[in-house]
Structures are given as structure tokens and as C-alpha cells.
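Welcome, and thanks for taking a look at this one with us. Here is a short briefing to read alongside the structure.

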Amino acid sequence: MAYGPDLGEGYRRAAALADRILKGARPADLPVEEPTQFSLGINLRTAKELGITIPPMFLARADQVIE
């Protein structure tokens with residue numbers, strides 16, 4: 001199981017910041033941004049091998065389920 005920031009969103013935000021820099025903004029003037037979107041991935045194969053049962057409600061909330 002992994003829970004962390006959505007990498008796709010991070011890349012889009014980085015591109016927006018690069019765009020602002022290329023348009024003349026000073027990097028020191030740009031704000032530090034924190035991730036706003038997170039993703040949850042669950043590996044059912046590994047959970048089964050470890051003998052862990054994942055509740056269906058938890059699986060429904062996962063962004064990615066690996067079977």
C-alpha cells in the first residue's frame with residue numbers, strides 16, 4: 001500500500017512555475033507550494049501473500065488497485 005502526493009499534479013504545477021519563470025518572474029518571489037492531491041495505491045497480490053485482508057470499503061477509496 002502506498003499513499004502520497006499525486007505525481008501528475010506535481011508535474012503540472014512544476015510546469016506552471018517554469019512558465020512563470022520563463023515569463024520573467026524571479027524564482028525567489030515564487031511561493032513554495034505543497035501538494036493538494038494525494039493518491040492511494042493497494043497491491044492485493046502482496047496483501048494476500050502477507051495474509052492481510054483489505055476491507056472492500058477501503059478498496060473502493062483506492063485510486064489504484066493492483067491485482
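Let's begin with helix α1 (residues 7-22), which supplies 6 residues to the lining of the largest pocket, the largest share. Keep in mind that this is a predicted model.

**The largest pocket**
- The space in the largest pocket comes to about 220 Å³.
- It is lined by 13 residues, and those closest to the pocket centre are Glu9, Gly10, Arg13, Glu34 and Pro35.
- Sorted by class, the lining holds 5 charged, 5 nonpolar and 3 polar residues.

**Helix α1 and what follows**
- Helix α1 is 16 residues long and spans 22 Å between its first and last C-alpha, close to the 22 Å expected at 1.5 Å a residue.
- Just after α1 comes Gly24, whose phi is positive at about 115°.

- You will find Pro5 in strand β1 (residues 2-5).
- Is Pro5 buried, partly exposed or exposed? Pro5 counts as partly exposed because its relative accessibility is 42%, which falls between the 20% limit for buried and the 50% limit for exposed.
- Beyond its neighbours within four places in sequence, Pro5 is in contact with Pro35, Gln37, Phe38 and Ser39.
- Pro5 and Pro35 are 30 residues apart along the chain, yet their C-alpha atoms are separated by 6.0 Å.
- Pro35 links two of our topics: Pro35 is among the residues closest to the centre of the largest pocket, and Pro35 is also one of the contacts of Pro5.

Notes:
Residues are numbered from 1 along each chain as its sequence is written. This is a predicted model: local features need pLDDT of at least 70, side-chain atom pairs count only at pLDDT 80 or more; totals for chains, interfaces and linings use all residues. Side-chain values use heavy atoms; hydrogens and water are left out. On a 1 Å grid over the protein atoms alone, a cavity is a set of points where a 1.4 Å probe fits but cannot get out, and a pocket is an open set with protein on both sides within 12 Å along at least five of seven lines; lining residues have an atom within 4 Å of a point. Grid points are joined across faces, edges and corners, and a volume is the space filled by probe spheres set on the points. Helices (H or I, at least four residues) and strands (E, at least two) are DSSP runs, numbered from the N terminus. Ala, Val, Leu, Ile, Met, Phe, Trp, Tyr, Cys and Pro count as nonpolar, Asp, Glu, Lys and Arg as charged, and the others, Gly among them, as polar. Buried means under 20% relative accessible area, exposed over 50%, partly exposed in between (1.4 Å probe, protein chains only). Contact means heavy atoms within 4.5 Å. The expected span of a helix is 1.5 Å times one less than its number of residues.
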